[in-house]
Amino acid sequence: MSAVSTGEVKTSPGDARKRRGSAERPVNRVAVMVRRAGSIVIFFALWYAASLANAHLLRLFNPVLLPPPDDVLKAGIAMAKSGELARHILASLSRVVQGFLIAALAGVLIGTLVGRSRVLEDLVEPTVELLRPIPPLAFLPMMVLWFGIGEASKVGFIAYAAFFPIFTTTLEGIKYVDPLLIRAAASLGASERDIFRYVVVPAALPNIITGLRIGFGLSFFVIVAAEFIAADSGLGFLINDARTFFLVSNMLLGAAVIGAIGFAFNIVLRRLEARLLRWRKDARR
Amino acid sequence: MTVAKIRIEGVSKSYTADILALGRIDLELGANSFTCLLGPSGCGKSTLLNMIAGFVEPTHGRVLVDGIEVVGASADRGVVFQEYALFPWRTALDNVAFGPMIRRLPRAEQRERAERYLTLVGLAEHGTKFPSELSGGMKQRVAIARALANGPSVLLMDEPFGALDAQTRETMQEELLRIWQEDRKTVVFVTHSISEAIFLGDRIIVMATRPGAVKQVIEVGLAHPRERSAPDFVALERQIKQLVREEVEKLGIV
């Protein structure tokens with residue numbers, strides 16, 4: 001047996017998808033980093049400038065309504081020292097993680113089962129489609145009635161809200177596996193079980209991961225609202241509690257912490273996604 | 001011909017009650033033969049291949065391989081698709097190792113086999129690449145290696161080089177012949193290229209359209225390697241072109 005060189009020029013299909021204008025120029029990674037960091041620096045500078053300009057020059061509104069970033073930072077340091085901030089963060093995070101895990105488990109499991117069975121799909125999908133457009137918040141007062149004002153209502157609420165995107169994307173992923181790949185696997189001797197394990201699941205994985213990422217984001221989105229209504233801890237509670245005492249810096253602090261946590265989690269999830277899906281040409285790196 | 005490797009007995013296929021996609025077909029394909037199914041789109045050549053593969057059930061009649069009726073796909077009949085159908089999440093090497101993995105061979109043997117067949121198709125250096133990092137020709141090489149690594153006795157190819165540029169296509173035809181001459185599988189090769197069919201096949205089944213049927217079976221008596229500009233080659237090409245043109249005209253649209 002002899003090996004032969006292929007003598008072909010490799011053309012990458014990804015090239016065509018790149019943004020126009022940048023096709024020839026290689027991306028300068030340092031420049032990208034500087035620009036992206038600049039985005040955040042400019043945001044804080046504008047905030048700072050607006051706050052100072054209003055307080056000392058323009059006096060358009062009560063300066064208390066828009067404290068400068070360093071006031072928020074000071075409030076944060078004070079709260080961190082007292083241990084209060086950590087307590088709120090942990091309370092919110094633990095609800096988000098519990099609710100999200102329930103949603104992820106239920107969404108992926110039910111989505112997979114429904115995606116595998118036409119009968120189940122007909123039985124389940126219309127109801128899900130009926131419930132999906134209702135903002136989860138509409139059910140929050142009911143959740144409080146059903147599960148009380150303890151942890152269960154908040155965890156249940158997050159689980160409910162995060163379930164939909166996870167279920168829907170998993171279902172789509174399982175349903176729309178390229179039939180050619182299934183034929184290819186069958187002609188290589190794969191049984192139904194093998195096909196599910198080695199073709200359907202990996203083919204649906206990008207969809208499932210997207211659903212999980214959206215579901216996780218949504219968990220953070222809705223936890224704050226839940227903590228407005230019935231909680232004595234958590235970042236939502238922190239914001240609402242600060243409002244009653246007119247502590248604007250603390251309100252902004254609550255929002256800023258949520259922003260920072262969401263930002264950090266998104267980076268982690270995208271890294272994970274890029275690693276799991278490194279076979280995809282367009283996977284973000 | 002001695003005992004047929006593949007027997008097609010009174011096979012027909014209709015997808016709807018009144019439209020016959022493929023009329024009654026009887027064929028015998030000998031072991032280790034290279035048969036080309038040639039015809040314009042809509043002649044049912046891919047349907048016939050899919051029935052041999054076990055992907056599609058005939059409406060009437062049956063397909064026998066080694067005397068056993070085909071029911072569903074089997075590892076003994078390897079398939080190569082025009083669209084490659086590689087698993088995009090597996091590297092080239094892992095794609096080739098898929099069959100051995102399904103057969104639960106020991107890991108070392110899976111790898112050894114995959115490497116051997118990847119070398120056979122000239123891609124020993126590219127084992128760690130994902131399909132998205134390979135050119136069309138390279139992808140089809142991986143797909144051929146994947147089909148062969150399972151040790152099938154039949155190799156079914158559905159316009160495997162149809163998506164490749166002309167240059168790559170001719171290289172791939174030569175490669176396929178080289179591989180086939182080393183290890184003579186029974187090959188059924190679907191194509192709409194007359195020159196491809198003459199270059200590769202022992203036998204060419206020219207298919208008729210509306211309904212799909214066997215129009216003429218042509219034994220290609222030319223010795224390998226075949227020269228596309230040789231007078232015999234050109235004469236055969238002209239003869240088949242006439243046959244195919246009659247069928248294309250029946251379709252009314254060109």
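Reader: Which domains is chain B divided into?
Author: In this predicted model, chain B is divided into domain 1, which takes in 1–74 + 153–160 + 184–254, and domain 2, which covers 77–151. Taken over C-alpha atoms, the centres of domain 1 of chain B and domain 2 of chain B are separated by 26 Å.

Reader: How many residues does each domain of chain B give to the contact?
Author: Domain 1 of chain B brings 12 residues to the contact, and domain 2 of chain B brings eight residues. On the side of domain 1 of chain B that touches domain 2 of chain B, α1 (45–53) and β7 (154–158) of chain B each supply at least two residues, and β7(B) gives the most, with five residues.

Reader: And what classes do the residues on that side of domain 1 of chain B divide into?
Author: The side of domain 1 of chain B that touches domain 2 of chain B has eight nonpolar, two polar and two charged residues.

Reader: You mentioned β7(B); which strand does β7(B) pair with in the parallel sense?
Author: That partner is strand β8 (residues 186–191) of chain B, and the parallel pairing with β7(B) runs over five bridges. As one detail of the bridging, B:V154 has B:T186 in β8(B) as its bridge partner.

Reader: What is the order of the strands in the open sheet of chain B?
Author: The open sheet has six strands in the order β6-β7-β8-β3-β9-β10 (chain B), and the pairing is mixed. From one strand to the next, the twist averages 20°.

Reader: Why is one side of β6 and of β10 of chain B left without a neighbour in the sheet?
Author: Because β6 and β10 (213–219) of chain B stand at the edges, each has a single partner strand, and so one side of each has no neighbour in the sheet.

Reader: Which helix lies across β9 and β10 of chain B?
Author: Helix α8 (residues 231–251) of chain B lies across β9 (203–208) and β10 of chain B, and the helix runs at about 25° to β9(B).

Reader: Now to chain A: how many helices and strands does chain A have?
Author: The secondary structure of chain A comes to 10 helices and zero strands. Of the 285 residues of chain A, 31% count as buried. Among the contacts in chain A with a separation of 6 or more, 67% come from residues 24 or more positions apart.

Reader: At what angle do helices α2 and α10 of chain A cross?
Author: The axes of helix α2 (residues 69–82) of chain A and helix α10 (residues 248–276) of chain A cross at roughly 80° and come within 9 Å, and α2(A) and α10(A) are therefore roughly perpendicular to each other.

Reader: Which residues of α2(A) and α10(A) meet there?
Author: From α2(A) there are A:D71, A:V72, A:A75, A:G76 and A:M79, which meet A:S249, A:N250, A:L252, A:L253 and A:A256 in α10(A). By class, the residues of this contact of α2(A) with α10(A) divide into six nonpolar, three polar and one charged.

Reader: What domains does the assignment give for chain A?
Author: The assignment gives domain 1 (28–66) and domain 2 (67–276) of chain A, with 31 Å between their centres, taken over C-alpha atoms. Eight residues of domain 1 of chain A are in contact with four residues of domain 2 of chain A, and the side that domain 1 contributes has seven nonpolar residues, one polar and no charged.

Reader: Last topic: how many residues of chain B are in contact with chain A?
Author: There are 31 residues of chain B in contact with 24 residues of chain A. The elements giving two or more residues to the chain B side include α4 (107–120), α5 (136–149) and α6 (166–182) of chain B, and that side as a whole has 16 nonpolar, 11 polar and four charged residues.

How values were computed: Residues numbered from 1 in each chain as written. Chains lettered and ligands numbered in written order. Predicted model: local features only at pLDDT ≥ 70, side-chain atom pairs only at ≥ 80, totals over all residues. Domains from an automatic or database assignment. Contact = placed C-beta atoms within 7 Å. Nonpolar A, V, L, I, M, F, W, Y, C, P; charged D, E, K, R; others polar. Helix = DSSP H or I, 4+ residues; strand = E, 2+ residues; numbered from the N terminus. Axes fitted to C-alpha atoms, helices over the stretch in contact; angles between N-to-C directions. Parallel < 35°, antiparallel > 145°, perpendicular 65-115°, else oblique. Pairing = 2+ DSSP bridges. Buried ≥ 20, exposed ≤ 12 C-beta atoms within 10 Å, placed from the backbone.
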